[in-house]
Amino acid sequence: MVSRRASSVQYSAIREIFDMAPQGAINMGIGEPDFGPPSPLLEGMREAMGLGLDGYGPTKGLPELRGAIAEMLKPHNSSITAENVMITCGATQGVMTAYQTLFDPAGEVLVPDPGFVLYSPDALLVDAEPVPYYLWEEDGFEPSVEMLKGLINPRTDGIVVNSPGNPTGGTLSKGTVKAIADLAQDKGFFIISDEVYDRFVYEGEHHSFLPYLENSIVVNSFSKCLGIPGWRIGYMVAEKAIIDQLAKINYYAVACPSTPVQYAVSRALEGMDSFMAHHRKEYDSRRRLMTSLLNEIPGFHCALPKGAFYAFPSYDQDASCLELAHALVNSGLICIPGCAFGDAGDGHLRFSYATSPENIRVGLEKVKEVVEGMPRLPSSVCALRKGRPC
Ligand SMILES: Cc1ncc(COP(=O)(O)O)c(C=O)c1O
């Protein structure tokens, strides 16, 4: 009935949790900011309507937006020009376009586990093989370069990296970014770097793969940093020759990104830094609140996440993450079971702090009530559950 490809992928466990949620449940499962767009963006959109920007635009995106993004990125790599930028309908499309452009059937793609829900299914949809690389809480969810080296073989076509990371909130250090870029150069594979949370870094600064474009495609989005996930707009940065290839896929997939939305975003880029500085401060304080309340729950452990807007605690209750997330949703709190992000996510739950401090307080009180009295595992069994020797 349907293609082998279509039947090789399933809806993510996230959808199931939202389907189960009772009316009025507190939503800490959410993957979008709770702030709306800045006013210059809304004005830009109204202007675009008045200008009658209703036609198709260039496949690579409007030149003025590509140019403005290139200018914005120059502090990371001064050689970036509009020719290195292509506009997409969000990072979701960007990741898929990168896969379709780079990977052949039977090639291997290294994907973070736990990692964002697109990376493995997208590989299956291009007949490539996703190979998980594991991220551990005790390493700050940062991959070890030695471990990555051990996974690389002649079939390795690429690696996906995501810093700051969803669901872990982990970030890559400058040294790890360089080491991965050197490895890609040495072994001849490509890096797809998903940097949609680059403006949500609370400790130190964001380390981008933009300086390493000879081996990287950087995928980004305006969904999170302008509070417009429903507008479906993002961008990719790569060497010009790669952008030309990506554009062919863009043409066959979407023809072009939305013209009025691009116009509006080009009007809002200038104010994005101060807009995000304000919201980052608020999210930082929620991050601290959430982490300290999580650590007050018996059996829960959560290190302060460095970026994005998720906490990813481990727990020692004798329940799978699915059982625990189901019990929580039945009590009126939506959070996401760690296993939705890969096998190494079991023993964790993902809580989003893109919600009010009041919701964070009430929601985490519910967690305390639900886990109270649940049997707990000894630490040796806990370590085994997380796949690590005791
Ligand atoms: C890591 C990561 N990449 C990509 C996306 C998708 O972004 P977009 O809305 O631009 O498609 C998300 C959304 O939650 C995400 O968390």
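Modeller: Let's start with a definition: a polar contact is a pair of N or O atoms within 3.5 Å, where, within protein, one must be able to donate a hydrogen and the other to accept it, and residues adjacent in sequence count only if both atoms are side-chain atoms. This is a predicted model, so local features need pLDDT of at least 70 and side-chain atom pairs count only at pLDDT 80 or more, while totals for chains, interfaces and linings use all residues. Residues are numbered from 1 along each chain as its sequence is written, and side-chain values use heavy atoms, with hydrogens and water left out.

My pick is Thr 168, whose side chain reaches the backbone nitrogen of Gly 170 at 3.0 Å. Thr 168 sits in the loop between β5 (156-162) and α8 (174-187); helices (H or I, at least four residues) and strands (E, at least two) are DSSP runs, numbered from the N terminus. With 7% relative accessibility, Thr 168 counts as buried, that is, under 20% relative accessible area, with exposed over 50% and partly exposed in between (1.4 Å probe, protein chains only). Setting aside neighbours within four places in sequence, Thr 168 is in contact (heavy atoms within 4.5 Å) with Pro 114, Phe 141, Pro 305, Tyr 310 and Phe 312.

Now for the prolines. Pro 114, one of the contacts of Thr 168, lies in the loop between β3 and α6 (119-125). The bond from Asp 113 to Pro 114 is cis too, with omega near 0°.

Stepping back to the sheet: seven strands form an open sheet in the order β2-β8-β7-β6-β5-β3-β4, with mixed pairing. Strands pair if DSSP finds at least two bridges between them. The edges are β2 (85-88) and β4 (129-134), each with a single partner strand, so one side of each has no neighbour in the sheet. On average, neighbouring strands are turned by 25° against each other, direction ignored. As for β5 itself, five bridges join it to β6 (residues 190-194), and the two run parallel; Gly 158 stands opposite Phe 190 in β6.

Conventions. Axes are lines fitted to C-alpha atoms, for helices over the stretch in contact, and angles run from 0 to 180 degrees between N-to-C directions.
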